[in-house]
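Please consult the sequence and structure shown here while reading.

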Amino acid sequence: MTDPILQIDAVSKRFTRSPGVLLKGLDRLTGRDSSQTVHAVTDVSLSVPRGEVLGIVGESGCGKSTLGRIVSGIYTPSAGKVTLDGDPVARDSRGNVDKLTTRVQMIHQDPFASLNPRMKVGEIIAEGPRIHGLIPAKDVQSKVRALLEQVGLEGAYANRLPHQFSGGQRQRVAIARALAMQPELLVLDEAVASLDVSIQAQVLNLFMDLRKQLDLTALFISHDLSVVRHVCDRVAIMYLGRVVETAPANQLYEKPLHPYTSALFGSVPTLGTGRARFQPIKGEIPSPINPPKGCAFHPRCPLAGPRCRVEVPRVVNASSERSVACHIQDGGTGAENEAAA
Amino acid sequence: MTVALEVKGLTTQFGTRNGAVTAVNDVSFSVQSGRIMGLVGESGSGKSVTGFSIMGLIDEPGRITDGQVLVQGTNMRDLKPDAQRSMRGRNVAMVFQDPMMTLNPVLRVGDQMAMAVRVHEKVSKSAAWDRAREALEIVGIPAAGERLQAYPHQLSGGMRQRVAIATALLHRPAVIIADEPTTALDVSIQGQILAEVRRLVDETGTAIVWVTHDLAVVSSLADDIAVMYAGRIVESGTAAEVIASPRHPYTRGLIDSVPGLHEPGQKLPQIPGSTPQLANLPSGCPFRPRCPRATEICATQPPHSGTDAHSVLCHHPLEAS
């Protein structure tokens, strides 16, 4: 394996809501603590080799977007560190984004919200390179043209405003803006989720073409299992802030190891299977403010045993390429002993 | 099997500065009791407006200009507003995409559900609450009695949507129009709701029009499918047939562009161009500029062909298999 370009090392992110003045006073009197902490990301370690597209999959509240934002340097992790090519991604003491973080570019979900409606798309695309001095002023025009053509738009569109474009075209502009910074890593946060199916296919094709041409490395964050299968080399499944399983895409879809992964596959309707008998996962996604003890999935897991209720499962290597955090793969859940006793 | 809902030649227009735009154009279909019809289309295809038109919930500048909406044989459009209102909620109910927008945030779930009962029936408050509790139990909400006391913000998204579905079921309507009811939900919760809805339809015999953009959901939930493009139904038939052997080039393209059916990493077959602006439709078949099979004749209005079980609106439909 080549050297990883992105290394995420035991990263956690907590958000704390401090109580209002009244509650604070009450807390002081009663000795309680009313502050609430959301454990958005807990102890996540991943590495991405150059040229790989890693899919991050999970339901809402699993921390996939928070992880994307930590990697992009938008959030500072509460613990752990992220390195890009060996250099830490972080803000300096004054809160400024380090030069390094320009090497990571993000593409957001909603191209209606991510493009400034008052700027021409040419200005939008050129803004980053101009500020960071990546291209000389005289070359800006031709560079913008080339980028627009690269993402399948006409160079002459540089003088148009975002509202003159359709959703799919806007997402192309957002991709051009990200590419303008010549990033080493792209973070796509649900980049095709808001597009219609026929437009989604166009943008996915564009992404796969660009990936081949430019040898892109990317984090592809999505809740859509079939999209992820199509474009990603490797997939990490997240549940309630933790990565529960990591595997090459083909192996994961063939044989998921974690009960959550298989349950997730079982509850997704797919085309062509006909009237399916769903095997929906029971119960609700627990609150990240007060996550269940032990394995976060145990209240919904059909295979949970006593050990799952108390002990957080370690991430173990199931093979040289796969890892999973589940007691079943690591010495049993304790249910076996219960049955014997 | 009885026909619960029949829509004939429904046309809805919206007045704009540049003249009338036809959002729903001569739409006809029927749904039998105990069946789910998936109304599929991309954004702007008119699928939601069709749902709202059936309910008679079109506001200015929109206007239903033509057609009939027969609920159990009664044409909703012939009725006076008062009579329409008494049908709505009792004979035909609607479930919307975002339950946070449709539930009243300052009323307890039980209060608003009881209100929905008492609008149509003279019963005591406690009897109405009992009915609400039963409805919540039917949609699989645990501890229904306690949930009635909750405010909407205290429930999760999936729970809220179950409340919305339970509210729609209060009067055992013949027809429920469901407008993208699981789009805002997570896949594991969506799976639960789909399984629940299928069971309810089989048990109660309600007919459902399930409006969605998601072909995968429809293929595993619906009995019948109607595909809309630019305000018209371009193909309709049983779900199994339409998905397995689509005859309209648009349906074919739509199914082909779903990533799950292809070898990973391969180029996806894509429909060129983008969805048309309703104000600026090409003459004849609106899909013509994007269609690989288009010829000169496509500049004229395409005819219906095929059978009742699988009908298509196209000059050059694909072979039936």
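The axes of H3(A) and H4(A) approach within 10 Å and cross at roughly 105°; axes are lines fitted to C-alpha atoms, for helices over the stretch in contact, with angles from 0 to 180 degrees between N-to-C directions. H3(A) is therefore roughly perpendicular to H4(A), a term covering angles of 65 to 115 degrees. This is a predicted model, in which local features need pLDDT of at least 70, side-chain atom pairs count only at pLDDT 80 or more, and totals for chains, interfaces and linings use all residues. Residues are numbered from 1 along each chain as its sequence is written, chains are lettered from A and ligands numbered from 1 in written order, and side-chain values use heavy atoms, without hydrogens and water.

**Helix H5(A)**
- Among the buried residues are A:Gly167, A:Arg170 and A:Leu179.
- The cover over the buried residues of H5(A) includes strands E6 (104–107) and E7 (185–189) and helices H3 (121–131), H4 (140–150) and H6 (197–214) of chain A.
- After H5(A) comes A:Gln182, which has a positive phi near 45°.

**Residue A:Ile237**
- A:Ile237 belongs to strand E9 (residues 234–239) of chain A; strands (E, at least two residues) and helices (H or I, at least four) are DSSP runs numbered from the N terminus.
- A:Ile237 counts as buried because its relative accessibility is 0%.
- Between A:Ile237 and A:Gly55 there are 8.2 Å in space, C-alpha to C-alpha, although they are 182 residues apart in sequence.

Conventions
Buried means under 20% relative accessible area, exposed over 50%, partly exposed in between (1.4 Å probe, protein chains only). Contact means heavy atoms within 4.5 Å. Angles under 35 degrees count as roughly parallel, over 145 as roughly antiparallel, 65 to 115 as roughly perpendicular and the rest as oblique.
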